[in-house]
Amino acid sequence: MIKEICVNGVYKNYVNGEWKVSESGNMIDIFSPIDGSKVGSVPAMSKEEVDEAIMAAKAAQKEWADVPLIERAKLLNKVAFLLLDHQKEIADIMVVEIAKDITSSLAEVKRTSDFILFTADAAKQLRGEMLSADAFPGYGKDKVSFVNRYPLGTVLAISPFNYPVNLSVSKIAPAIVAGNTVVLKPPTQGSISALYLAKIFEMAGLPKGVFNTITGKGSEIGDYAVTHNDIDFINFTGSTDIGRHISQITVMKPLLMELGGKDAAIVLEDADLKEAAKDIVSGAFSYSGQRCTAVKRVLVEDKVADELTGYIKERVEKLKAGDPRKADTVIVPLISDKAADFVCELIEDALEKGAKLLVGNKREKNLVYPTLIDHVTEDMRLAWEEPFGPVLPIIRVKDVKKAIEIANKSEYGLQSAVFTKNIDKAFNIANELQVGTVQINNKTERGPDHFPFLGVKSSGMGIQGIRYSIEAMTRVKAMVINYERS
Ligand code: NAP
Ligand code: G3P
């Protein structure tokens, strides 16, 4: 049923409650990373069309903010249930559009439905406070401040290819439940999945203008959108390079950014090595490592490095690579040939500099086979750069101090994992790590989605996570009452 959004594979954008074709006729063909087959075409919107979407959102915002919160929450609940009704249809699109395996695609849609339900509830807990002036010297009880939270206005949501549904909704749902309106710029490779999502919002009965989409290459319309005077907040998830660029060209515009990562798994000699290997391999290779929170380096104490690496190698060799349409496939074609080229460049650099290949370093077009490289050292690019692909470097360290030093030397600071049976050591190491989150005895991961999720250094600005996202897209307004006390 949600196929109404396209005619013969030519998709439309959802603007001001209507499905609009590209006025200029300029389209972007989307090809599947699986086999290069054409998935469809999306409008390459012009600046005028971007204006139209942003103005629609701006025009709708005040009225939307006046809708009672309970009604906004009820609409979100409808979106959540409709998502589940169309879970398979949307997941199937994701599989062909971003080559995410069917199991992970189905899970992403379910997770997104759960996210929305939780958000609708969490919004009802949003509250202000009342302050009496006499708590401060020189003031009396005749002055009281009533503090409440208000929406920011029009939010520009920009999402990445690897979670085109979940990381769009992780911005849209908290924004609109708080009374904002949204313009979504989805990833070009992921646009069609996002347009299906937009159809679900329309089917739920969202008033026109509350949610709008703008498709088109970020390199062509991105700067225009982020610097648009009628955008009040930018919620961006993507690479550090683009995030840095956006923060450089925007002025006095509040930003929330989730960027790149180089999450380290630190393994101490007392760790349960088999368990650590299981978590590390799952964390490093699911969706071919195309996750910001993927484990992207292992820092292991020398004494247990051989044993741990052996367990990891056993698991990596069993990973199924190939067609994401098959349920047990883990290693899927990367999003583009360019992405595969970059991963292979990092592998080659490490091997040329003396690292030891244990598994992989095999490629068929944009399918890179799972690769495990031991004895990676600090002079190698793989120790520091984010591959966003199925390659895991093992860096051997003489002690915990060295592990912390190398972990913190990274420009990134998203998450780290610490594997040890000693909880004192775990907390002491966690205290030293310059990251947003430390996972103790687990792989690095964003979920569950009500936990705070943030990056420091080059990994981001601000905090995601349901309540945090709602607060980030609202602001405080104080009303101070001065009265004559009897
Ligand atoms: P990307 O290339 O930075 O693109 C992210 C989004 O930004 C896309 O929608 C892209 O549009 C858009 N964009 C590109 N240039 C822009 C500009 N000048 N102005 C505004 N928007 C612009 O990232 P990606 O390849 O989609 O995702 C992979 C990267 O994102 C990795 O570095 C990964 O670590 C990071 N990531 C981080 C998180 C997190 O939560 N921390 C989550 C997922 C991914 P186009 O698609 O049209 O280029
Ligand atoms: O890269 C997307 C980021 O949000 C990771 O999410 O749940 O796979 O850790 P998750």
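Good morning. Around ligand 1 there are 31 residues, and those that come nearest are Ser-159, Thr-188, Ser-239, Leu-259 and Glu-386; a residue is counted as near if one of its heavy atoms lies within 4 Å of the molecule.

Let me state the conventions. This is a predicted model, in which local features need pLDDT of at least 70 and side-chain atom pairs count only at pLDDT 80 or more, while totals for chains, interfaces and linings use all residues. Residues are numbered from 1 along each chain as its sequence is written, chains are lettered from A and ligands numbered from 1 in the order in which they are written, and side-chain values use heavy atoms, with hydrogens and water left out.

I begin with the contacts of the ligand. A polar side-chain atom of Ser-239 lies 2.7 Å from an oxygen atom of ligand 1, and for Lys-185 the corresponding distance from a polar side-chain atom to a ligand oxygen is 3.0 Å. Leu-259 takes part through its backbone: one of its polar backbone atoms is 2.7 Å from a nitrogen atom of ligand 1. Taken alone, the ligand exposes 900 Å², and the protein buries 87% of that (areas by the Shrake-Rupley method with a 1.4 Å probe; for residues, only the protein chains shown count as cover).

Which elements give two or more residues to this shell? They are helix 7 (218–226), strand 12 (233–237) and helix 8 (240–249); helices (H or I, at least four residues) and strands (E, at least two) are DSSP runs numbered from the N terminus. Helix 7 supplies the largest share, 5 residues. At least three residues of the shell come from each of domain 1 (2–259 + 462–476) and domain 2 (264–454), with bounds taken from an automatic or database domain assignment.

Six strands form an open sheet with mixed pairing, in the order 11-10-9-12-13-26; two strands pair if DSSP finds at least two bridges between them. At the edges are strand 11 (211–213) and strand 26 (460–461), each pairing on one side only. Strand 13 (residues 255–258) runs antiparallel to strand 26 and is joined to it by 2 bridges. Met-257 has Met-461 of strand 26 as its bridge partner.

Is Thr-215 buried or exposed? Thr-215 is buried, because its relative accessibility is 0% (buried means under 20% relative accessible area, exposed over 50%, partly exposed in between, with a 1.4 Å probe and protein chains only). This residue is found in the loop between strand 11 and helix 7. Its side chain makes a polar contact of 2.7 Å with the side chain of Asn-13 (a pair of N or O atoms within 3.5 Å; within protein, one must be able to donate a hydrogen and the other to accept it, and residues adjacent in sequence count only if both atoms are side-chain atoms). A polar atom of the Thr-215 side chain also lies 2.6 Å from the backbone oxygen of Pro-43.

Finally, some backbone features. Most residues other than glycine have a negative phi, and most peptide bonds are trans. Asn-8, in the loop between strand 1 (6–7) and strand 2 (10–11), has a positive phi near 55°. Met-252, in the loop between helix 8 and strand 13, also has a positive phi near 55°. Asn-8 is exposed, because its relative accessible area is 77%; Met-252 is exposed at 82%. A cis peptide bond, with omega about -5°, joins Gly-447 and Pro-448. Pro-448 sits in the loop between strand 23 (437–440) and strand 24 (453–454). Thank you.
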